[in-house]
Amino acid sequence: MSGVSTELETLLGTRWKKPPLIKLSWLRWLLILGGAVYLVLAIASVEVNWSRVYEGLDRGGAFIMSFTRPDFLSRGGDIWNGLVESVVITVAASVVGILISIPIGLGAARNIAPLPVYLVCRAIVAVSRALQEIIVAILLVAIFGFGPLAGFLTLSFATIGFLSKLLAEDIEAMDRVQAEAIRATGARWTQWINYGVQPQVMPRLIGLSMYRLDINFRESAILGLVGAGGIGATLNTAFDRYEFDTAAAILLVIIGIVMALEYLSGVIRARVR
Amino acid sequence: MLRLDKLVKTYRTGDQALKSVEIEVPIGQVVALIGPSGAGKSTLIRCINRLVEPSGGKVWLDDVELTALSSGALRRARRRMGMIFQEYALVERLTVMENVLSGRLGYVGFWRSLLRRFPQKDVDEAFRLLDRVGLLAMADKRADELSGGQRQRVGIARALIQNPALLLVDEPTASLDPKTSRQIMRLICELCAERGLAAIINIHDVALAQMFVQRVIGLKAGEIAFDGPPDALTPEVLTRIYGEEDWQATIKTDETAEEAVA
Amino acid sequence: MPVREIAGAKVWRRRTTGEAMLRWVGWLIGVAIFVWCWQQISASTTWFFVWDAPRIAGDIIDRATPPRWSYMEKLWWPIWDTINIATLGTLIALVLAVPVAFLAARNTTPSTWIIRPVALFIIVASRSINSLIWALLLIAIIGPGVFAGILAIAIRSVGFCAKLLYEAIEEIDETQVEAITATGASRWQVMVYGIVPQIMPAFAGISVFRWDINIRESTVLGLVGAGGIGLQLSGSLNTLAWPQVSLILLVILLAVVISEWVSAKVRGAII
């Protein structure tokens, strides 16, 4: 290693630059330019009525201030009824959704279900996941009329798509050897599921169910906007009438319940592990 | 040059990692720090550049009292102390060159470092060091593409580009195979000799330490149990540091293996 | 192991008697709660409509087919708006989420007792409230339009992105940070060299993931007046123009599928 190598000599004195993330320079510039052009066009196409925004700042400030003095009382009855309805919808929809999503999740796992069953179950999952809750709620309200039944059905349907998919993925990823060991004892299919599959996926199923309960509660808050029951209707009215104190109270209640649910699900997940 | 004065470290758990340690290292001396796991070797090294805050005592580098510095002054003082880590501690998603240049961060302003606009002098020095450790061709590879020995060479280059007066080396060979371990140890000691650097090297491998260093310090339960030349490491001394064991095989300097490697 | 004596023979049981009792009581309470909930729902349902539902559903499907394809030309602009709401909203959210995440992560927060709880509260508040509700609120404040939609998406996404990002920050390899600190780098340099490279893949993944979700959410923001294709949906529903509704639903479905595909591809390329 004596003396300066020629390779080093050529490099000394040259500028060093970090090698770019995208090696092809034309592609790099195309992406940069394309991104810039898109951003300019997108921002230009957003029409902002700045005087309206400016006027709104006062109201925004008033709203933020109303968090310091939320008004739980003057519409206490409405808040309470809406809240109870939200909770009722959440609980009922979660229970039904979880119960239905277990067989569908089993059916959607390629390693335990025959192909025709697999395809049907996957199709149900895909449809349920592609449609947002609020759109399903609108359609169900149109069909079943106003009220919590539409909200209950909406959330049950959404729960099925969410839980079945994750459950199926979990079953597909499970330890093959454990399940085979049970099958080797000559167990029937139901016994095989009960002893070979269930113990492996149960903790995660419980965790996911808790998580979905949390999501269902959050979603139940918007069902009221389209007449599917729950606290959303009360909230909507409060905004329409600019009753920010009441709106702040409702939002705080929602945040509080979500925090409690998150804490609860944390505790439960830690216990079942 | 480096002086530890009654250095004490007590962790919040109540574990006393260092109990009044006193060491003095002159310019250009390479010291090996040996001792069982949990003896406080890592803590000692980290207390010098205050990655771990000492609970008592003083650390002097030349005439600067490191333990009394404010955070800004401490950063300037850290530039004079290069550190080499056990698991290399390269920033794995950055390139080799960026990793080496990160040794200059203490000298370069924030915006220049953000934009990777290092002074040409630093870039040249980085190229020279990479050439010296034999990794010039790898400059634009990402650090996680390198093998263990190559990564440690990058780690060495990063420490040296700081232009330090002292190297703090924490288990440089613990994650390497025996052959690479020797190469790395030799490289560190050669570079220290070339540049007149003092170094403190934490090391598990007693034989390896004896092979390369001028002085060995044995640490046991936070206290100095031995301080002397490598030849003075007798079985009795090792028993004092580590406890009862048959030490003959460990101490024997293995000349044949050394030649096989070279 | 619970073993019970029955008629002089030892019989293995999975649980002791007390445990089994407790379980049954638990199940009983659970079932009771569910039955009560169902009664509540049932009580506020007009069952006449429900029995009539199959006929109404058939009627709606009948009227909604075939979709009115010619309406498509009026949808291009709302689609463009929808994409902008999702993309610009995600960008704003990312810009805001980065500092919040750094303040919330245990290893980078400047103060565990004051700043971290505040950052965590911002995250929970943003996550707890659906983007439609944020949109309602913003419309009440700054008036209807695309801008309110962008802000609603941004506010809703901050919590989501910040939560995932701060979890990624808490999982980084501390020795790499230590090594950069040991060179004498300043606090900000340690961030740029020691932390940012380690969380970059997570950051990119989170961005694309959230963008995908935001495309979904922005398609319905118009229902409350916050711009995008949902506005057309709302208008068509109000006028009972079912052929237009079915076309819009098809477009939304397609948008969701495409965005999910794009996001999966991009995430696959990053990881």
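How far apart do the end C-alpha atoms of residues 21–41 of chain C lie, and how much of the span is helix? They lie 30 Å apart, and the span is 100% helix and 0% strand. The model discussed here is predicted.

## Annotated spans in chain C

UniProt, in an unreviewed entry, lists "transmembrane region" at residues 21–41, 83–105, 132–155, 190–211 and 241–262 of chain C. Residues 190–211 of chain C are 100% helix and 0% strand. The end C-alpha atoms of that span are 29 Å apart.

The unreviewed entry also gives "domain: ABC transmembrane type-1" for residues 79–263 of chain C. In the model, this span is 82% helix and 0% strand. Its end C-alpha atoms lie 18 Å apart.

## Helix packing within chain C

Helix α6 of chain C covers residues 146–170, and helix α8 of chain C covers residues 187–220. The two pack at an angle of about 145°, with axes 9 Å apart. The crossing of α6(C) past α8(C) is right-handed. On the α6(C) side, the contact residues include C:Gly149, C:Ile153, C:Phe160 and C:Leu164. On the α8(C) side, they include C:Ile195, C:Phe203, C:Arg210 and C:Glu217. By class, the contact has 12 nonpolar, 4 polar and 2 charged residues.

Helix α4(A) has 32 residues. At 1.5 Å a residue it should span 46 Å, and its end C-alpha atoms are 46 Å apart, which agrees. Yet α4(A) has a kink of about 30° at A:Ser101. The kink comes shortly before the proline A:Pro103.

## Where chain A meets chain C

Chain A gives 43 residues to this contact and chain C gives 45. On chain A, the elements that each supply at least two residues include α2 (25–45), α4 (76–107), α9 (189–223) and α11 (244–272). The chain A side divides into 30 nonpolar, 8 polar and 5 charged residues.

One helix pair spans the two chains. The axes of α6(A) and helix α2 of chain C, residues 47–64, come within 7 Å. They cross at roughly 115°. A:Ala142, A:Ile143 and A:Phe144 make the contact from α6(A). From α2(C) come C:Phe49, C:Val50, C:Ala53, C:Ile56, C:Ala57 and C:Ile60. The class count is 9 nonpolar, no polar and no charged residues.

## Where chain B meets chain A

Here 12 residues of chain B are in contact with 9 residues of chain A. Two chain B elements give two or more residues each: α3 (96–101) and α5 (120–132). Helix α5(B) gives the most, with 6 residues. By class, the chain B side has 4 nonpolar, 2 polar and 6 charged residues.

## Backbone exceptions

Most residues other than glycine have a negative phi, and most peptide bonds are trans. Two sites in this model depart from those patterns. B:Ala89 is not a glycine, but has a positive phi of about 55°. B:Ala89 sits in the loop between β6 (81–84) and α3 of chain B.

The other site is in chain C. A cis peptide bond joins C:Thr65 and C:Pro66, with omega of about -10°. C:Pro66 lies in the loop between α2 and α3 (76–104) of chain C.

Technical notes: Residues numbered from 1 in each chain as written. Chains lettered and ligands numbered in written order. Predicted model: local features only at pLDDT ≥ 70, side-chain atom pairs only at ≥ 80, totals over all residues. Axes fitted to C-alpha atoms, helices over the stretch in contact; angles between N-to-C directions. Helix = DSSP H or I, 4+ residues; strand = E, 2+ residues; numbered from the N terminus. Left-handed = near helix turned anticlockwise from the far one by under 90°. Contact = placed C-beta atoms within 7 Å. Nonpolar A, V, L, I, M, F, W, Y, C, P; charged D, E, K, R; others polar. UniProt positions renumbered as here; feature names shortened; annotations may be inferred. Expected span 1.5 Å × (residues − 1). Bend = angle between axes of the 7 residues up to and from the residue.
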